[in-house]
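Dear colleague,

Please read them with the coordinates open.

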Amino acid sequence: MDDPAAQPAADLERRILDAIRRGASMEDIADIKESDAANPDAAIQALKDGNARFFSGRATRPEVSANERRAQIMGQTPYAAILACSDSRVPVELVFDQGLGQLFVVRVAGNVVGEAGLGTLEYAIRHLDVHLVVVMGHEACGAVAAALLPEERVAQEPENLQALIRRIQPSVQNMPPIRDKKARMREAVLNNVRYQVSILREQAVIQEAEEAGQIRVIGAYYEIGSGAVDFLIDEEDLRP
């Protein structure tokens, strides 16, 4: 039985081949590739579906043909931008079972909002027409664990690493006592995700795009052990 999910890719391949035979320019070929999600809700669902394939062992590991790669030379059409941690155990495209050109990924330890990362996300919103911005934390995040350390321990780290840790510290101050260490770390990571989301939503470009309905800004938590992603979508889930 044919795989219905493969039909869009086959249709795209056929359209690109037809364009090549007609002698289309690279710009014309690039225009053939459209975003895989037309609005924020569709983008969220695409990530949910991809992660479900990943953690259930049904990942398709999307590959593209040479012609599809050519269609991306002159431009890109990602449907979501993701601010994730640099942790080597969190390969974003694999976690969401997405292929080339589908996700615009910014990775920095602790998934913190900094000047360079913010500028990158603004570019994605203004020039790539993404429909979703996701801040994704993860289980056992070392950067968040560092933010929970006593100040004298943080002061022993290199200057730039200290600056990064201090971007996380406000989110984990005054945490309620939680005896279970794993539960405490999960809560700290979620607090940091919510905090970084709140910072993003205060930025003019992001605020304007969200108010216009162009994008949604949400949070996510990746559980390394299971491979599952929990999404923070509702305002109550996102409230710092």
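A residue is called buried here when its relative accessible area is under 20%, exposed when over 50%, and partly exposed in between. Aspartate 87, with a relative accessible area of 15%, is therefore buried, whereas arginine 89, at 39%, is partly exposed. In this predicted model, these two residues form a salt bridge in which the closest N and O atoms are 2.7 Å apart.

The count of salt bridges comes to 10. Among them is the pair of arginine 53 and aspartate 97, whose closest N and O atoms are 2.6 Å apart. This pair links distant parts of the chain, since arginine 53 sits in helix H3 (residues 40-55) while aspartate 97 belongs to the loop between helix H5 (92-95) and strand E2 (103-107), 44 residues apart. Aspartate 97 counts as buried, at 2% relative accessibility, and arginine 53 is partly exposed, with a relative accessible area of 22%.

Glutamate 208 and arginine 126 also form a salt bridge, with the closest N and O atoms 4.0 Å apart. Arginine 126 is exposed, its relative accessible area being 52%.

Finally, please look at Arg201, Glu210 and Glu235, which are linked in a network of salt bridges.

Best regards

Conventions
Residues numbered from 1 in each chain as written. Predicted model: local features only at pLDDT ≥ 70, side-chain atom pairs only at ≥ 80, totals over all residues. Heavy atoms only, no water. Salt bridge = Lys/Arg side-chain N within 4 Å of Asp/Glu carboxyl O. Helix = DSSP H or I, 4+ residues; strand = E, 2+ residues; numbered from the N terminus. Buried < 20%, exposed > 50% of the residue type's maximum accessible area, 1.4 Å probe, protein only.
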